[in-house]
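Good morning, everyone. Please take a look at the structure on the screen while I talk.

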Amino acid sequence: MNRPSLQQRDNSVLWHPFTQAGLRQLPLPVAAARGSKIILEDGTELIDAISSWWCCLHGHGRRELIEAASTQFKKLDHVLFAGCTHEPAVALAEKLIKILPAGFSRVFYSDNGSTAVEVAIKMGVQLWANQGAPRTGIIALENSYHGDTFGAMSAGARGIFVSPFEKLLFEVHRVSTRADQHDLARFERLCQSGSIAAFIFEPRVQGAGGMIVYDTAAIDRYSEVCERYGVITIADEVMTGFGRTGPDFASSLLTRAPDIICLSKGLTSGTLPLAVTVCGEKVFEAFISEDHARTFFHGHTYTANPIACSVALASLELFLTAECSASRQRLEQAHRRCATKLESSPAIENVRVSGTLLAFDCVTEGDSGYLSKMGRSVGDFFRTKGILLRPLGNIIYCLPPYCLTESETDHLHSALLEFATHLPPAT
Ligand SMILES: Cc1ncc(COP(=O)(O)O)c(C=O)c1O
C-alpha cells in the first residue's frame with residue numbers, strides 16, 4: 001500500500017487558518033525554505049513574494065539568526081518573565097528604544113500581533129481607571145485590521161471575518177483616513193465627551209483591509225485633537241514596522257509620535273513568535289503605585305522568550321546594516337518602475353507602492369473584496385510562474401523579503417506585468 005502523502009495526512013488531522021476546508025484547496029507541501037524561496041516536497045521552488053504573511057524580512061534560513069537561536073538555546077531556553085529577567089530581553093528592549101521615534105521608553109513583551117494590540121488597548125483603558133477617571137471608548141479607522149482576538153477584532157472593521165461574534169465585540173467609533181471636516185468634527189465631539197480612552201490606527205498602510213496606502217496627515221489631524229483631550233494614540237505597526245512600507249517605522253512620518261506602538265511580524269524576521277507593545281513614561285507611570293489594583297495584570301506564558309529575543313536582536317543587527325537599507329531602496333525603486341508599466345493595463349487600477357509593498361486592484365464587475373472569486377485563480381497563475389502570492393480577493397500585492405535578488409525581482413515583476421496584460425478588462 002502507498003504511504004499517504006503529506007497533504008492526505010494533513011487533511012485527516014489539521015485545521016488551517018483563514019481556510020475553508022469545504023472548498024478543498026490542498027495546502028502546499030513545503031519541505032524547506034532558503035533565502036527568498038520556499039521549496040516544496042517535489043523540489044519545486046517558489047518565491048515567497050509576501051514574506052510568509054509579511055514577517056520574513058531577511059529571507060529564510062539566515063545563518064545569523066540560526067546561530068543566535070542555537071547559541072541562546074544552549075544557555076537559557078525559557079524562563080517565566082514575572083519576577084525574572086534575562087539579558088536578551090533587556091538588550092532587545094534597549095535596542096528597540098534606541099531606534100524607535102523619540103519618547104518610547106518601556107517595552108512590554110507578548111507573542112503575536114493580536115496580543116500586542118490587546119495589550120495596547122488594555123493599557124489605554126486601564127490607564128484611565130488607574131487615574132480615577134475611567135474612560136473606555138475606542139476610536140479606530142474604517143477598513144482597519146488589528147488581529148483575531150476579541151479586543152483586536154473589536155478594533156478592526158466589521159465584516160465576514162468577525163460577523164459571528166458581532167454581539168460579543170465592544171463598540172468602536174469609526175473615522176475615515178480622509179480626516180475631512182466632517183470626520184474631524186465628529187472626532188472632536190467624541191473626544192470632548194470625555195469617554196474616549198484611545199485612538200488606534202495602522203499608520204501609512206492598512207494591510208489586511210486592502211493594502212490601502214493613505215496620507216498620514218490624516219493621523220496628524222486626529223492626533224492633534226487627541227493631544228488636546230488627553231486621548232491615548234496607539235500605532236499598530238505590526239505590519240508596517242521594520243521598513244516594510246518605507247521608513248523604518250511608519251510612525252516616524254507623524255508629526256506627533258504615538259503614545260503606544262505595537263510591533264511583531266518582522267521583529268524576529270518571521271522565525272519565532274514575539275511581539276512588543278512599547279510606550280513612554282506617561283503611560284508607564286499611570287500604573288506605578290503601591291496599590292496592587294493598579295498593576296497591569298496581563299502576561300503570556302512565552303512572554304519575552306529568550307530564544308525569540310536573541311533572534312530579534314540578530315534580526316535588528318541585520319536590519320540596521322547599510323546592505324539592508326540599500327536592498328530596501330533597490331526593491332522600492334524596482335517596484336516603482338514596475339508600477340509605471342502596470343498603470344497602462346486597463347484591467348487593473350489603483351497601482352500603489354509604499355516602500356517594499358507593491359499593490360493594485362483588479363477591476364471586477366461587482367465581485368470585489370476578500371471573497372472575490374479571482375483570489376484562487378490568481379494564486380494558481382503565479383504558482384505556475386514559481387511565485388507564491390496570496391491576494392486579498394481582487395487586490396494583488398507583493399511584499400517580498402529584502403534579500404530578493406535582482407533577477408528574482410525582475411522575475412516577480414515580469415509575472416505581475418504578464419498577469420495584468422492578460423487579465424481581460426471588466427466589461
Ligand atoms: C496591522 C496588524 N495588526 C495586527 C495583526 C495581527 O497579528 P497576528 O496575526 O500576529 O496576530 C496583523 C496581522 O496581519 C496586522 O496586519
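I will cover the domains, then a sheet, then a pair of helices. Keep in mind that this is a predicted model.

Domains come first. Domain 1 covers 29–61 + 331–422, and domain 2 covers 64–319. Their centres, taken over C-alpha atoms, are 28 Å apart. To the contact, domain 1 gives 20 residues and domain 2 gives 21 residues. Which elements give two or more residues on the domain 1 side? They are helix H2 (51–54) and strands S13 (348–354), S14 (357–362) and S16 (395–398). H2 gives the most, with three residues. By class, that side of domain 1 has twelve nonpolar residues, seven polar and one charged.

Now the sheet. Four strands make an open sheet, in the order S1-S2-S3-S15, with mixed pairing. S1 (30–34) and S15 (387–388) are the edge strands, each pairing on one side only. S3 (residues 45–48) and S15 run parallel, joined by two bridges. Asp48 has Leu388 in S15 as its bridge partner.

Last, the helices. H11 spans residues 322–342, and H13 spans residues 406–422. Their axes come within 10 Å and cross at roughly 20°. Angles under 35 degrees count as roughly parallel. H11 and H13 are therefore roughly parallel to each other. Their crossing is right-handed. Who meets whom? From H11 we have Leu331, Ala334, Cys338, Lys341 and Leu342. They meet Thr409, His413, Leu416, Leu417 and Ala420 in H13. The contact of H11 with H13 has seven nonpolar residues, two polar and one charged.

Key: Residues are numbered from 1 along each chain as its sequence is written. This is a predicted model: local features need pLDDT of at least 70, side-chain atom pairs count only at pLDDT 80 or more; totals for chains, interfaces and linings use all residues. Axes are lines fitted to C-alpha atoms, for helices over the stretch in contact, and angles run from 0 to 180 degrees between N-to-C directions. Angles under 35 degrees count as roughly parallel, over 145 as roughly antiparallel, 65 to 115 as roughly perpendicular and the rest as oblique. A crossing is left-handed if the near helix is turned anticlockwise from the far one by less than a right angle, and right-handed if clockwise. Two residues are in contact if their C-beta atoms, placed from the backbone, lie within 7 Å. Ala, Val, Leu, Ile, Met, Phe, Trp, Tyr, Cys and Pro count as nonpolar, Asp, Glu, Lys and Arg as charged, and the others, Gly among them, as polar. Two strands pair if DSSP finds at least two bridges between them. Domain bounds come from an automatic or database domain assignment.
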